[in-house]
Amino acid sequence: MLQVDNLKVAYNGAAVINGVSLHINYDESVALIGPNGAGKTTIGRAIAGLVPYQGQIQLMMSGGTTSLKHLAAWAIARSGIVYISESTSIYESLSVADNLLVACAVLSTARAAKSVMLTNLYAHFPFLRDRSEQRAGTLSGGQKKLLAIARGLFLIQCLKTLSLEHPGSVGAPLFPLLILDEPSHGLSPQALDTVRQALRDLNVAFLLIEQMARFALNICRRAYVLRNGVVVMSDFSEAVCENALLRSYLGLSADRASTLWTKS
Amino acid sequence: MDQIVNSLAVGCTYLLIALGFNLIFGVQRIVNLAYGEIFMVAAYAAAWSARAAPGQVALIISSAIIAAAAAGLSVYLCAIKPLGEVTNVNSPRHLSVIVSTIGFSIVLQNAAILKFGAYPQRFPRFLGDSVIASTVWMMIGAVCILFAVHMALRHTRAGLRLRAIADNPELALCTGIRTDHDKLLAVIFSSALAGVAALLICQQIGVVSPFIGSLYGFKALVVVIVGGLGNMRGAAFVALVLGSAEVATTVWLGSNYRDGVAFALLIGVLIFRNRRFHLGQLR
């Protein structure tokens, strides 16, 4: 599993994350929810190796424990932990197909495996096949979002086949995990369904960073609720839903004001 | 007719230098102003090996390319890398890189003056004896290299990685690309291109001097900025336009005005098109 212990991140001395601990099991779906400025994105970026931090982020596998702290971001990505940021997660000047195939430019995936995986991916995202030669920058906002997710899934698929074919060739142990930052932002409910289906079919664990608590709690098994850089609640999604205070604070309840005051 | 061929020839010289310059900018977002000096070092290496072993074409070519790659690598390791990562042209580090590469280019230029003297020396026409033959060779070389760079960027795995880095460095890291390694690869490759450019251009003009680097370097800078930083096709087009403009000026106004054309073009384009630097489109 991926174990985050007492994570602390500060930007120019201002603390953003004040000691967060969480874990994600292999093949599990976990939501990280909370209001704006809670530090959700920063946690995702720390796991991906994009911001320096204090504390520990470790991969605990049957073969032993690997600390991600001293791995470069590219090495973390090659261990299967793929971070998809909210805003810029596609190569705008490259064609749609090239966006996907960058994964193959990194890894020496066999040509045959590559086309099978592409077909698999196109089955979930048919528009990618139709627009494969188009510049990614010309896609619509929602399509860009889907392309970003497809790109991450394709990289993970490549890593999986590669580690099956040549165990140990990737370096770090493989822990396929998609970190999705605000996928609901700019995606229609139908497109969200597509994403959910693809994640399930391709059997990829994910950490969902979301403001839309309803959506996140709906598709994830467990959830962490973050506020001002600390975890204020962690439980199974149903339990988080039932907590009235949190429901009001996350906007799940119709009569939010009344529940907020009665509970506190 | 003569003047058309002339324009094409001059355009090709700028194209040759602008290609590598553009590649390094596209991948690293760095304006490496020592690029002209890498070109100059390669030219002297070729001239020196041509004198040491006359007629050995393969030796001359390889010595120029190796010298260029070594010079490019040392510029990168001494004047660029120690200043830290530059992710965009607006970061203050970008200015320090410009200053440090200018400094390094002055060092290289003066080293050449110390070693070889300030006067131009003859450069052997090792590909063809006549002016026409050497010009034809240069033009063929320029077209081949343009095509080769285009194909390498389009159709190789390393080319796709470089285009990805040029487009979005952070995303490239998150896709598992070892950007530090690939940037080094781009430095070596673009410096080697400067070596090839030096061979083709100097065998055509027939001389080498410590100042050719800054002359051609600044012209290439104009071509790259006007054509769109990182944009190969734009650079190719502007190189040919600039070549024609310079030849036309020489014919109608006299050669004194020739070197001003490039900068008039640059200023004109920057004023009238109010164009921002086009970033991240390594094509």
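## Salt bridges across the model

The structure holds 10 salt bridges over all chains. The model is a predicted one. Side chains of opposite charge can pair when their charged atoms come close.

In chain A, A:K144 and A:E92 form one such bridge, with their closest N and O atoms 3.6 Å apart. This pair ties distant parts of the chain together: A:K144 sits in helix 6 of chain A, A:E92 in the loop between strand 6 and helix 3, and 52 residues separate them. A:K144 is partly exposed, at 23% relative accessibility. A:E92 is partly exposed as well, with a relative accessible area of 36%.

## Buried charge in chain B

In chain B, B:D182 pairs with B:R161, and the closest N and O atoms are 2.9 Å apart. Distant parts of the chain are linked here too: B:D182 belongs to helix 8 of chain B and B:R161 to helix 6, 21 residues apart. B:D182 is buried, with a relative accessible area of 6%. B:R161 has 17%, and it counts as buried because the cut-off is under 20%.

B:E246 forms a salt bridge with B:K219, with 3.1 Å between the closest N and O atoms. Helix 10 (residues 232-252) of chain B carries B:E246, helix 9 (residues 212-227) carries B:K219, and the two are 27 residues apart. Relative accessibility is 0% for B:E246, which is buried. B:K219 is buried at 1%. The pair is part of a network of salt bridges that links B:K219, B:E246, B:R258 and B:D259.

## The interface between chains A and B

The size of an interface is often given as the accessible area lost when the parts come together. Here chain A and chain B bury about 2000 Å² between them, and 58% of it is on carbon and sulfur atoms. On the chain A side, A:W74, A:Y91 and A:A105 lose the most area to chain B, together 31% of what that side buries. In residue terms, 27 residues of chain A are in contact with 20 residues of chain B.

Polar links cross the interface too. There are 11 residue pairs in polar contact between the two chains, counting pairs with both residues at pLDDT 80 or more. Which elements of chain A each supply at least two residues of the side that touches chain B? They are helix 2 (73-78), strand 6 (81-84), helix 3 (96-106) and helix 6 (141-165). Helix 3 of chain A gives the most, with 7 residues. By class, this side of chain A has 17 nonpolar, 4 polar and 6 charged residues. The interface has 2 salt bridges. A:D98 and B:R163 meet in a salt bridge through their side chains, at 3.2 Å from N to O.

## Helix 6 of chain B

B:R163 is among the buried residues of helix 6 of chain B. This helix, residues 157-167, is mostly covered, with 9 of its 11 residues buried. The buried residues also include B:R161, B:L162 and B:D167. What covers them? The cover includes helix 3 of chain A, together with helix 1 (2-28), helix 5 (131-155), helix 7 (169-174) and helix 8 (179-205) of chain B.

Helix 8 of chain B also holds B:S190. B:S190 is buried, with a relative accessible area of 0%. Beyond residues up to four places away in sequence, B:S190 touches B:G20, B:L23, B:I24 and B:Y35. In helix 1 of chain B lies B:N6, which is partly exposed at 37% relative accessibility. B:N6 and B:T135 are 129 residues apart in sequence, yet 8.9 Å apart in space, C-alpha to C-alpha.

## Chain A: fold, backbone and cysteines

Chain A has 11 helices and 10 strands. Buried residues make up 53% of its 264 residues. Among contacts in chain A with a separation of 6 or more, 66% join residues 24 or more positions apart.

Most residues other than glycine have a negative phi. A:D27 has a positive value, near 65°. A:D27 is in the loop between strand 2 (14-24) and strand 3 (29-33), and is partly exposed at 44% relative accessibility. A:E182 also has a positive phi, near 50°. Its place is the loop between strand 7 (177-181) and helix 7 (189-201). A:E182 is buried, with a relative accessible area of 6%.

Over all chains there are 0 disulfides. For A:C158, the nearest cysteine sulfur is that of A:C104, 4.1 Å away. A:C158 is in no disulfide because the sulfur atoms would have to be within 2.5 Å. A:C158 is buried, at 0% relative accessibility.

Key
Residues are numbered from 1 along each chain as its sequence is written. Chains are lettered from A and ligands numbered from 1 in the order in which they are written. This is a predicted model: local features need pLDDT of at least 70, side-chain atom pairs count only at pLDDT 80 or more; totals for chains, interfaces and linings use all residues. Side-chain values use heavy atoms; hydrogens and water are left out. Buried means under 20% relative accessible area, exposed over 50%, partly exposed in between (1.4 Å probe, protein chains only). Contact means heavy atoms within 4.5 Å. Buried area is the accessible area (1.4 Å probe) that two parts lose on being put together, summed over both. A salt bridge is a side-chain nitrogen of Lys or Arg within 4 Å of a carboxyl oxygen of Asp or Glu. A polar contact is a pair of N or O atoms within 3.5 Å; within protein, one must be able to donate a hydrogen and the other to accept it, and residues adjacent in sequence count only if both atoms are side-chain atoms. Helices (H or I, at least four residues) and strands (E, at least two) are DSSP runs, numbered from the N terminus. Ala, Val, Leu, Ile, Met, Phe, Trp, Tyr, Cys and Pro count as nonpolar, Asp, Glu, Lys and Arg as charged, and the others, Gly among them, as polar.
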